[in-house]
Each structure stands twice: as C-alpha cells, then as structure tokens.
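Thank you all for coming; I would like to take a few minutes to walk through one model with you. Please have a look at the sequence and the structure before I go on.

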Amino acid sequence: MSRISLMLIPLIGLFFSAFLCAEEIAADYRVEYGIFGQVGKAHAILRSDEKYYMIDANVSALGIAKAVTDDLKERHISKGHISKGFLVTDMYQMIKSFGPYTTTTIYRVDHKKKRLTRQYKKWRYDRLIINKTERLEYYGKDDLMTLFLNLPLHIKDKQRPNKYHFIAVGEDRKNGRVDITIPSKKSLKEIIDFVGKGQEGDWYSRVVMHRKLYHSKQGELDVRIGKEGMVEKAVLKDLIFFGDVRIIKQ
C-alpha cells in the first residue's frame with residue numbers, strides 16, 4: 001500500500017493544478033488493483049494565499065489491502081512559499097501508522113544553502129526506537145506533490161513530444177529523479193489503450209518514478225489529464241500477477 005501512495009500523491013498534485021487560485025479545495029481518489037477491486041482511498045486539501053501554501057493528504061488501505069498491511073494509514077504534508085507562480089517546498093512530511101508502529105519522515109529544504117536534510121523517526125507503541133537525521137546529496141524546489149502542481153509552468157506545450165527530467169523531494173534518497181514524457185504519435189496510441197481516449201484538449205504523459213512499484217519494471221505510469229488540468233485516469237503497467245493498478249478521481 002505504501003507503494004500505491006508513491007503513485008497517488010503526485011497525481012493529487014495534478015488534480016489541484018487547475019485550481020491554484022482557490023484559497024481551499026479538496027480532492028478524493030480511489031485506488032483499484034487488478035482482480036481485487038478497490039484497495040485504497042485518499043483525501044487531500046490544498047490551502048493557499050498569495051504567499052504560502054499547504055497540502056494535507058491522507059491515504060488509507062481498504063479491503064484485502066487493509067488486512068495485508070496491518071491497517072496502514074498515511075498522511076503527507078507539504079508546506080512552503082509561492083514564488084513567481086511556483087509552489088516552492090520548504091518542508092515535506094510523511095507519517096505512517098501500521099499495527100503497533102508509527103513512522104515520520106521529514107524533509108527540510110534550505111534554499112539559501114541549497115541543502116536538503118531527511119529526519120526519520122519510528123515508534124513501537126509509544127516507545128521511540130529510531131531517530132536519525134542525514135543530509136541528502138541532492139537539492140530540489142519541488143516535492144512529490146508540488147512538482148505536479150507546477151507542471152503547467154514547467155511544461156508549456158503539452159501536446160509536443162518531449163522528455164523532461166525533474167527532481168522531487170521525497171521521491172528517492174539518491175537523486176529524487178522523476179521523468180515525464182509527452183509521447184510521440186506512436187507511443188500515444190499505446191498510452192490510449194491503457195487510459196482511454198479523452199475529449200478534445202486532453203493531454204497524455206508517461207511518468208517514470210524509478211521504483212519497482214508492485215513488480216513493475218520502474219514505476220511507470222500512463223496518465224490522461226483533462227483540458228482543465230484534472231487527472232481522469234492513471235494506470236501502473238507491466239505488473240506480473242493480478243493486473244494493473246488504476247487510480248480514479250471521484
């Protein structure tokens with residue numbers, strides 16, 4: 001289920017991208033996995049003004065996934081400032097609870113020194129068993145949610161085939177790499193087979209997160225985005241056993 005979150009959290013950012021001018025908006029998603037049906041849900045809120053923003057997203061397991069993950073729940077919080085229309089992350093936090101355990105991972109970004117630190121804590125019941133802080137070897141202004149909120153500014157022409165390389169705080173300890181491709185006509189046909197043909201003005205992308213999510217080769221998603229900026233459907237491909245993972249806006 002935590003692997004599903006790594007897909008779901010960026011897509012929540014895509015949903016919000018059309019509504020950045022709003023002071024507060026909410027979004028809901030459901031996650032379906034092959035023959036098992038719905039295995040998770042998410043609820044997220046974006047609050048912003050002219051200077052600052054905060055995103056608060058909660059993800060929880062359902063059905064068979066709830067039993068397998070020991071009732072996993074996650075909360076993702078992104079806080080930062082707004083500069084030239086971009087959401088710039090200052091802090092990104094992930095909180096997880098499962099069974100008797102609770103963990104929190106906090107990324108703090110020092111933009112003046114271009115420095116990123118990661119603090120990780122783990123509790124068993126109420127007893128702290130791990131507490132460590134490390135400096136990471138990369139620096140970024142985006143996190144997993146703000147990267148996709150900022151896409152309309154990062155990618156001007158969403159119909160022209162091209163490859164883009166980004167860094168997202170919280171994606172990976174080594175380099176935070178996320179690749180997004182606007183497909184060629186040949187690749188577009190393949191993507192449409194997975195996410196369906198949308199209406200005029202919809203655009204498509206292939207997102208690679210460089211993680212082996214649910215036995216996929218590298219965490220590769222095909223995404224269809226409506227003309228208003230809302231994700232209509234996303235599919236994680238190349239799974240070995242039980243079919244694809246589908247992420248659906250409610």
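Strand β2, which covers residues 38-48, pairs with β3 in the antiparallel sense, and the pairing runs over nine bridges. Before I go further, please keep in mind that what we are looking at is a predicted model.

How buried is strand β3? Seven of the ten residues in β3, which spans residues 52-61, are buried, and therefore the strand is largely enclosed by the rest of the structure.

Which residue other than glycine has a positive phi near 55°? That residue is K84, and K84 sits in the loop that runs between β4 (73-83) and β5 (86-98). With a relative accessible area of 79%, K84 counts as exposed, because the cut-off for that word is over 50%.

Y125 is likewise not a glycine, and its phi is positive, at about 60°. This residue lies in the loop between β7 (115-124) and β8 (127-135), and Y125 is exposed, its relative accessible area being 57%.

Terms used
Residues are numbered from 1 along each chain as its sequence is written. This is a predicted model: local features need pLDDT of at least 70, side-chain atom pairs count only at pLDDT 80 or more; totals for chains, interfaces and linings use all residues. Side-chain values use heavy atoms; hydrogens and water are left out. Helices (H or I, at least four residues) and strands (E, at least two) are DSSP runs, numbered from the N terminus. Buried means under 20% relative accessible area, exposed over 50%, partly exposed in between (1.4 Å probe, protein chains only). Two strands pair if DSSP finds at least two bridges between them.
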